[in-house]
Amino acid sequence: MKKRIIAGPCSAESYEQLHEVARHLKDVPCLTTIRAGVWKPRTRPGCFEGLGEPALRWMQEIGREFGVSFCCEVARPEHVEMCLQYGIHTVWLGARTTTSPFMVDEICSAISGNNIEVLVKNPICPDVRLWLGAIERLQHVGITALTAIHRGFSMYHNNGYRNAPLWEVALELRREMPDIPILCDPSHIAGRRDLVPILTATALQLDYDGLMVEVHPHPASAWTDAEQQIDFTTLLTIAETWNINEKQNTTPLPELGPLRDEIDSIDHGMLRMLARRMELSHQIADIKRQKNMTVYQQGRWTDVIEDRLALAQKLGLDTKFTKDILERIHAESVRVQLGELKKQ
Ligand code: PEP
Ligand code: MN
C-alpha cells in the first residue's frame, strides 16, 4: 500500500506559521495532509487551548493557495460542524476522545451523512477494545474513510517515552481490522524530538502505512509540545526513507520456507511442553493440599527464577524477555493450582 505522511505543527499558532508550514511541506514525499490542532485538549487547565475558528479560516485560505489539505482534532459536534463549514474534510479523534464512548457517539452523530475522513488515535489506556469500538461506532454511521493512529499509551512508568509505545497493542488492532490503515505518531510516543527518527524507523519495519508527525518552523519555541516537534529538514529525511520503502519486497521468499517450518515446529513443541507443565501443576496442587502447604512458595519461586535467568544468560537470551515469560508461566501455574483448590 502507498505510504502516507501527515505532518504539521501540534497547534495552529498564526497565519504566518501555517503559511510557512504549507510552503515547506507541500512537496514533501508521501505527504497527503497537513495537521494543526485548532482545539487543544490540555491535561491541566490554564494552558493555551487553541485558536478555534480563525485558524480554520487560515487553513482554508492557505490550503487553496498551495493546493494542500489540512486536518485537525475534533472533540465536540460543534467542532465537526465548523470544520465542514471551512472545507476541512479530514479530522482526527484524539486519545482522550477515543477513551470515551459517549464522546465518540456524539461526534458520530455530527459526522454521519458527511463526506469526512476520520483518523482515530488510540485511547489513552492500552485497551484495544476501546480503539476498535471507536472505529466500529464510526463504521456504524457509514464512515468508510477510516485510519488508525498509534500515539502510545499513558502508563505510570513509560520507560523514557512520553507515552509507552506498546507496539503489540497496535499490532493487535491491525490483526483484528486488517483493512484499516495504521499510522504511527512518533511525536506523542516520544515526547522528545531526538527519539522521533528511531521510532519512525521501527514503524517502517513493523509495516505501518505511514506517519502523523509534528513539525514546526521553530520547534523549540512552539506554543505546545515544543520538546517533541521536529524541523523541516528532519521531516524531509524521514519522508525520503518512507518514500523509498514504498518499493518494499512483498513477494513470498522461498528461502524463508525451511526456517519458518522449523519455527512452526518449535512453537508446537513449546505449546506441548507448556501443556505438560500445567498438568504437573495440577498434580502439585493435589499434593500441596493433602500436605497442607500453600500454593505460592516464595523460596521455590526465587530458586526457579535464579536458575532460569542464569541459563538464559548462558544461552544469550534477553533477561527481561526471559523474566516476563517465566512470570507469566508462573502466574498461570498459580492460577491452575488455585483452581484445583476451588474444586474441593
Ligand atoms: C495532538 O495530536 O496534538 C494531540 C493532542 O494528540 P493526542 O490525542 O494523541 O494526545
Ligand atoms: Mn501535540
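## Close-up views of a predicted model

View 1. Helix H2 (residues 53-66) has 14 residues, and its first and last C-alpha atoms lie 20 Å apart, close to the 20 Å expected at 1.5 Å a residue. The expected span is 1.5 Å times one less than the number of residues in the helix. Helices (H or I, at least four residues) and strands (E, at least two) are DSSP runs numbered from the N terminus. The buried residues of H2 are Ala55, Leu56, Met59, Ile62, Gly63 and Phe66. They cover an arc of only 135° around the axis, so they are on the same side of H2. The arc is that of the directions from the helix axis to the C-beta atoms. Buried stands for under 20% relative accessible area, exposed for over 50%, and partly exposed for values in between (1.4 Å probe, protein chains only).

This is a predicted model, in which local features need pLDDT of at least 70 and side-chain atom pairs count only at pLDDT 80 or more, while totals for chains, interfaces and linings use all residues. Residues are numbered from 1 along each chain as its sequence is written, chains are lettered from A and ligands numbered from 1 in the order in which they are written, and side-chain values use heavy atoms, with hydrogens and water left out.

**View 2. The protein chain as a whole, for orientation.** The secondary structure of the protein chain comes to 13 helices and eight strands. Its C-alpha atoms fill a box of roughly 80 × 45 × 40 Å along the principal axes. Of the 344 residues, 46% count as buried.

**View 3. Protein donors of the manganese ion (ligand 2).** Cys10 (SG), His188 (NE2), Glu214 (OE) and Asp225 (OD) are the protein donors, at 2.1 to 2.4 Å from the ion. Donors are N, O and S atoms within 2.8 Å of the metal (3.2 Å for Na, K and Ca); water is not among the atoms, so sites may look incomplete. The spacing of the donor residues in sequence is C-x177-H-x25-E-x10-D. Cys10 lies in the loop between strand S1 (4-8) and helix H1 (15-25), and Asp225 in the loop between S8 and H10, so the pair ties together parts that are 215 residues apart in sequence. Cys10 and Asp225 are both buried.

**View 4. Salt bridge between Arg162 and Asp225.** The manganese donor Asp225 also meets the side chain of Arg162 in a salt bridge (3.1 Å, N to O). Arg162 is in the loop between strand S6 (146-150) and helix H7 (167-176), and Asp225 in the loop between strand S8 (210-214) and helix H10 (232-244), 63 residues apart. Arg162 is partly exposed at 35% relative accessibility, whereas Asp225 is buried at 14%. A salt bridge is a side-chain nitrogen of Lys or Arg within 4 Å of a carboxyl oxygen of Asp or Glu. By this rule the count comes to 17 salt bridges.

View 5. The side chains of Asp105 and Arg137 form a salt bridge (3.0 Å, N to O). Asp105 lies in helix H5 (residues 101-111) and Arg137 in helix H6 (residues 128-140), so the pair ties together parts that are 32 residues apart in sequence. Asp105 is partly exposed at 34% relative accessibility, and Arg137 is partly exposed at 30%.

View 6. Arg289 and Asp286 meet through their side chains in a salt bridge (3.0 Å, N to O). Both residues lie in helix H11 (residues 257-290), three residues apart, about one turn of the helix. Their relative accessible areas are 32% for Arg289, partly exposed, and 29% for Asp286, also partly exposed.

**View 7. The two sides of helix H7.** Trp167, Val169, Ala170 and Leu173 are the buried residues of H7. They cover an arc of only 165° around the axis, which puts them on the same side of H7. Glu168 and Arg175 are exposed on the other side. A network of salt bridges links Arg175 with Glu172 and Glu176.

**View 8. Nonpolar surface patch at helices H12 and H13.** Leu311, Leu315, Leu317, Phe321 and Ile325 form a nonpolar patch on the surface, with about 470 Å² of accessible area together. Helix H12 (298-315) and helix H13 (319-343) are the elements that give two or more residues to the patch. Patches are made of residues with over 30% relative accessible area and no salt bridge, with like charges joined within 9 Å and nonpolar side chains (Val, Leu, Ile, Met, Phe, Trp, Tyr) within 5 Å. Accessible areas come from the Shrake-Rupley method with a 1.4 Å probe, and for residues only the protein chains shown count as cover. Leu315 in helix H12 is exposed at 58% relative accessibility. Leu311, also in helix H12, is partly exposed at 44%. The C-alpha atoms of Leu311 and Thr322, eleven residues apart along the chain, are separated by 10.0 Å.
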